[in-house]
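Student: I have a model open and would like to go through it piece by piece. Can we start?

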Amino acid sequence: MVYDLIIIGAGPAGMTAGVFAARKGLKTLILSKDIGGQVNWTTDIENYMGYQEIDGQALMDKFEEQVKELHLEEKIVEIKALTKEGQLFRVQTMGQEKYMAKAVVVSSGKKPKTLNVPGEIEFRNKGVSYCSTCDAPLFRDIPVAVVGGGNSAVKSVLDLANYTRQIHLIYVEDLTADSILAERLQGLEDLKRYPGHTVVEIKGGQSVEKIVLEEVKTKQRFELPVQGIFIEIGLDTNVEFLDKSVELNDLREVKVDCLCRTNIPGLYAAGDVTTVPEKQIIVAAGEGAKAALKAWEYVINIPEAEYRQ
Ligand SMILES: Cc1cc2nc3c(=O)[nH]c(=O)nc-3n(C[C@H](O)[C@H](O)[C@H](O)COP(=O)(O)OP(=O)(O)OC[C@H]3O[C@@H](n4cnc5c(N)ncnc54)[C@H](O)[C@@H]3O)c2cc1C
């Protein structure tokens, strides 16, 4: 079976693309590792129009409701490879399933960057976390470290402060978070800051027990006893499954023009995975809508016979 359109990813961009594609009558399949993407990691959304304030998961439930009303086909799978064979795209999952489509929208978003230090993989979900919104309640009255100096790191400290007073904030240079957020840290009297430091190792037994810090200038190392470490050092795009022929920029974002077109005819991209600036829900949703409408134009303008060659 050949779909008109396959959408990879079911965050705000992918789900919006799905709704617009279905309304245009495209036979559409959404393939995604989860429903909701990064929005699931956050509680308070205060900048999505129509809702003064809404919980991330609740907003994504609303998106999904709209997708389900249109009877869109969705499968929870991880994509391994996407290739173009003649006029058709072939999508392969980690489970070795294969799907064919005339056009594809890539809306696979971003994932947290890792520190790449010893212990990080070993203690993942055993004290190492990338999501304070999800995991902060597990660390009530427990000493934790937050790594990073940007908005996510500061938000993470503020989240954790609802559960524990023993927070260590570690960042390489200055705080780069928005001043409105950074100012909120002033109220946290017990917060210990380590500017000019990096984490070089995570140690423990069954779970995290301590981390090793290194002062960047002097290279001096010392241990800090913590039972949790929240790594908040930014995000990387999910592009591993893309063929090398798809053009990316230096940040490994998919290059798109203002019509969401990539350099491959029939391959569109939308949301955080792309070069479009401002990684926000409303932007991703808008780009998803555009990508689906442009994919529809592409599909209907190619004679059916060409897909069969
Ligand atoms: C902590 C946090 C707080 C935020 N707060 C706000 C806020 O208040 N307001 C705001 O506007 N924005 C906020 N954002 C940004 C917002 O979440 C993103 O801009 C938005 O989610 C991007 O949507 P997207 O659909 O492009 O990508 P994502 O949300 O990243 O969704 C990508 C989708 O692709 C899937 N996927 C990835 N790789 C694969 C694969 N190989 N195979 C199959 N599926 C795959 C994922 O499972 C996911 O479903 C926040 C982000 C974070 C991390």
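**Strands, ligand shell and sheets**

Tutor: Strand 1 (residues 2-8) is mostly covered, with 6 of its 7 residues buried. Buried means 20 or more other C-beta atoms within 10 Å of the residue's own, exposed means 12 or fewer, and partly exposed is in between, with C-beta atoms placed from the backbone. Strands (E, at least two residues) and helices (H or I, at least four) are DSSP runs numbered from the N terminus.

Student: What kind of model is it, and how are residues numbered?

Tutor: This is a predicted model: local features need pLDDT of at least 70, side-chain atom pairs count only at pLDDT 80 or more, and totals for chains, interfaces and linings use all residues. Residues are numbered from 1 along each chain as its sequence is written.

Student: Which residue of strand 8 is the bridge partner of isoleucine 8?

Tutor: Valine 106 is that partner. Strand 1 and strand 8 (residues 98-106) pair in the parallel sense over 6 bridges; pairing requires at least two DSSP bridges between two strands.

Student: And which one in strand 2?

Tutor: In strand 2, isoleucine 8 has leucine 31 as its bridge partner. From strand 1 the chain passes through helix 1 (residues 12-23) to strand 2, a right-handed β-α-β crossover. Right-handed means that, with the strands pointing away from the viewer, the path from the first strand over the helix to the second runs clockwise. Strand 1 and strand 2 (residues 28-32) are parallel, with 4 bridges.

Student: Switching to the ligand. Which residues come nearest?

Tutor: Gly9, Gly11, Gly37, Gly109 and Gly271, out of 36 residues around the ligand. Being near means a C-beta atom, placed from the backbone, within 6 Å. Helix 1, strand 2 and helix 6 (281-301) each supply at least two residues of the shell.

Student: How many of the shell residues are charged?

Tutor: The shell has 6 charged residues, along with 15 nonpolar and 15 polar ones.

Student: Is helix 4 mostly covered, or how many of its residues are buried?

Tutor: Helix 4 (residues 151-160) has 8 of its 10 residues buried, among them Val154, Lys155 and Asp159. The cover includes helix 3 (132-135), strand 11 (144-147), strand 12 (167-171), helix 5 (179-182) and strand 17 (228-231).

Student: Last one. Why does leucine 188 count as partly exposed?

Tutor: Because leucine 188 has 16 C-beta neighbours inside 10 Å. Leucine 188 lies in the loop between helix 5 and strand 13 (192-195). Its C-alpha atom and that of leucine 158, 30 residues apart along the chain, are separated by 8.6 Å.

Technical notes. Ala, Val, Leu, Ile, Met, Phe, Trp, Tyr, Cys and Pro count as nonpolar, Asp, Glu, Lys and Arg as charged, and the others, Gly among them, as polar. Two residues are in contact if their C-beta atoms, placed from the backbone, lie within 7 Å.
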